[in-house]
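Good morning, and thank you for the time.

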Protein chains: 2
Amino acid sequence: MNLEERKEILKFPKATFERLKLYHALLTQLALEEKREYVLSEEIAEMLRITPEQVRKDFSYLRSTGKPKLGYKISELLDELDELFGTKETENIIIIGAGHLGKALANYKGFKNIGARVAAIFDNDPQKIGTMVGELMVLPLKDIPRVMRRFRVRIAAICVPESAAQEVADMLVGYGIKAIWNFSSRILDVPNDVIVRNEDITRGLLGIKHMLAQKDAEASKEVEAR
Amino acid sequence: MNLEERKEILKFPKATFERLKLYHALLTQLALEEKREYVLSEEIAEMLRITPEQVRKDFSYLRSTGKPKLGYKISELLDELDELFGTKETENIIIIGAGHLGKALANYKGFKNIGARVAAIFDNDPQKIGTMVGELMVLPLKDIPRVMRRFRVRIAAICVPESAAQEVADMLVGYGIKAIWNFSSRILDVPNDVIVRNEDITRGLLGIKHMLAQKDAEASKEVEAR
DNA sequence: TAGATTGTTAATCGATTAACAATC
DNA sequence: TAGATTGTTAATCGATTAACAATC
């Protein structure tokens, strides 16, 4: 990726960038499953539960353009999004913790679609070290610096219990990690120049509960109104 | 939860609601680990990488108030957030798919903190049916309607491969599910009155890659400027 | 009391929606 | 051509930030 492209990435509104990832997933699906060539903003909007205006506005930040009555060429959009997301280059990541979650992540096939690859998985449990997770052997934590150097690892996924998460984070920071993908529910305390992305799953469930409560409230209101 | 409380939930800005979940996690941590009684907006802000003004603004939507110089009483905030999130009532959820991800979810201990409980886990693989995942036995898909009725299940987590996700979603919709917590990367096509929350994990990784690219770009710029 | 911190109101910023011209 | 759809500009809406008074 050259400098110009790097700069270009910066210009998107944050909200648009979030949706671009959704468009990427949906378009991939349409291309593979339905062998579609073109898609209308209206169709995309319906699948993603947003408005067609939103879709067109988002696409207006891209170089790709649609044709009235025909829509957007899926392959063109996908090529541009792939380039934007750096799907071609491979970012090596490591996983700390070989529990169910770590294993699930290590076995995840979708990483290559976004230009990522799991370089190694680590655990401190002697019972797990040496066992296979897909094509990877579980390594002891002491091997982390070696693997990080060898594969130029910048991103680490923390999949250890909440009680060990901060400790692991401290260790990774000491090894010079650039970004932490945090799957524990622990809010980590790390230096500000280290990127942290919290993926604590229960947060999503709270969102669903909230939406269900909203619907219940609306339903009650309607009954009340009679 | 009575009607008044239900209505109250609705009044928060969406962005504030998202952050309330983070506050909940952080405050729980402070209360348990550090036995702290009070916390300043400044401290919360630093841990969550937002501004103290943002924290105070968010808290202004709550009934709890802070004291100048002393800060906010952690237990008071937690009580209010627990009430808000309905942590006391239990929402039964089911998990479809007993692969690594399904198992990770079924074993997750944090559900009770947000008023949720895994009622059952299902798979269609005869090899998996009957095996234990924590305290739950893996059940065949045909048992889904029975379990849904018995435990008044409204939320289902889809943890099956992408290729099976839509099919499973269709089935769940047929059984009257109210919300789908989608862990596959498939964009699901379901009726609009069914809530869908996509938890596709690679999206988070794209966000990290994007932030790293931004930092690289900034670094290049600085070099260039010399 | 003086200084630090909360809480609220006003100003700014950013994102979405509406309106509509351009175009296939 | 007429009608449908894109793409852009302007208007609205919502969220964040700034300013500052209130208060411990």
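Before the layout, a definition: the bounds of each domain used here come from an automatic or database domain assignment. Please also keep in mind that this is a predicted model.

With that assignment, chain A is divided into domain 1, residues 3–85, and domain 2, residues 91–203. How far apart are the centres of domain 1 and domain 2 of chain A? Taken over C-alpha atoms, the separation is 31 Å. The C-alpha trace of chain A as a whole spans about 60 × 55 × 35 Å along its principal axes. Its secondary structure consists of nine helices and nine strands. Of the 226 residues in chain A, 49% are buried. Among contacts in chain A with a separation of 6 or more, 56% are between residues 24 or more positions apart. The chain exposes about 11,400 Å², and 51% of that area is supplied by carbon and sulfur atoms.

Let me turn to the annotations. An unreviewed UniProt entry places the feature "domain: CoA-binding" at residues 86–187 of chain A. Over that stretch the chain is 27% helix and 28% strand, with its end C-alpha atoms 29 Å apart. UniProt, again in an unreviewed entry, also places a "binding site" at Gly97(A), Ala98(A), Gly99(A), His100(A), Leu101(A) and Gly102(A).

Gly97(A) sits in the loop that runs between β3 (91–96) and α6 (100–107) of chain A. Is Gly97(A) buried or exposed? Its relative accessibility is 5%, and it therefore counts as buried. Beyond its neighbours within four places in sequence, Gly97(A) has contacts that include Ile121(A), Phe122(A), Asp123(A) and Cys159(A).

His100(A), by contrast, belongs to helix α6 of chain A. With 28% relative accessibility, His100(A) counts as partly exposed. Setting aside residues up to four places away in sequence, His100(A) touches His100(B), Lys103(B), Ala104(B) and Asn107(B).

That brings us to how the two chains are related.

A contrasting position is Gln127(A), in the loop between β4 (116–123) and β5 (132–133) of chain A. Its relative accessibility is 70%, and Gln127(A) counts as exposed. Gln127(A) and Lys88(A) are separated by 39 residues in sequence and by 37 Å in space, C-alpha to C-alpha.

Finally, the aromatic rings. Over all chains, the structure holds 14 aromatic pairs. The ring centres of Phe59(B) and Tyr72(B) are 4.9 Å apart with the planes at 80 degrees, so this pair is edge-to-face. It connects distant parts of the chain, since Phe59(B) is in helix α4 (residues 52–59) and Tyr72(B) in strand β2 (residues 72–73) of chain B, 13 residues apart. Both Phe59(B) and Tyr72(B) are buried. Tyr108(B) and Phe111(B) also pair edge-to-face, at 5.2 Å centre to centre and 70 degrees between the planes. Phe111(B) is buried, with a relative accessible area of 3%. In chain A, one aromatic cluster is formed by Tyr108(A), Phe111(A), Trp181(A) and Phe183(A).

Notes
Residues numbered from 1 in each chain as written. Chains lettered and ligands numbered in written order. Predicted model: local features only at pLDDT ≥ 70, side-chain atom pairs only at ≥ 80, totals over all residues. Heavy atoms only, no water. Phe/Tyr/Trp six-rings, centres within 6.5 Å; stacked < 30°, edge-to-face > 60°. Helix = DSSP H or I, 4+ residues; strand = E, 2+ residues; numbered from the N terminus. Buried < 20%, exposed > 50% of the residue type's maximum accessible area, 1.4 Å probe, protein only. UniProt positions renumbered as here; feature names shortened; annotations may be inferred. Contact = heavy atoms within 4.5 Å. Areas by Shrake-Rupley, 256 points an atom, 1.4 Å probe, with all protein chains shown as cover.
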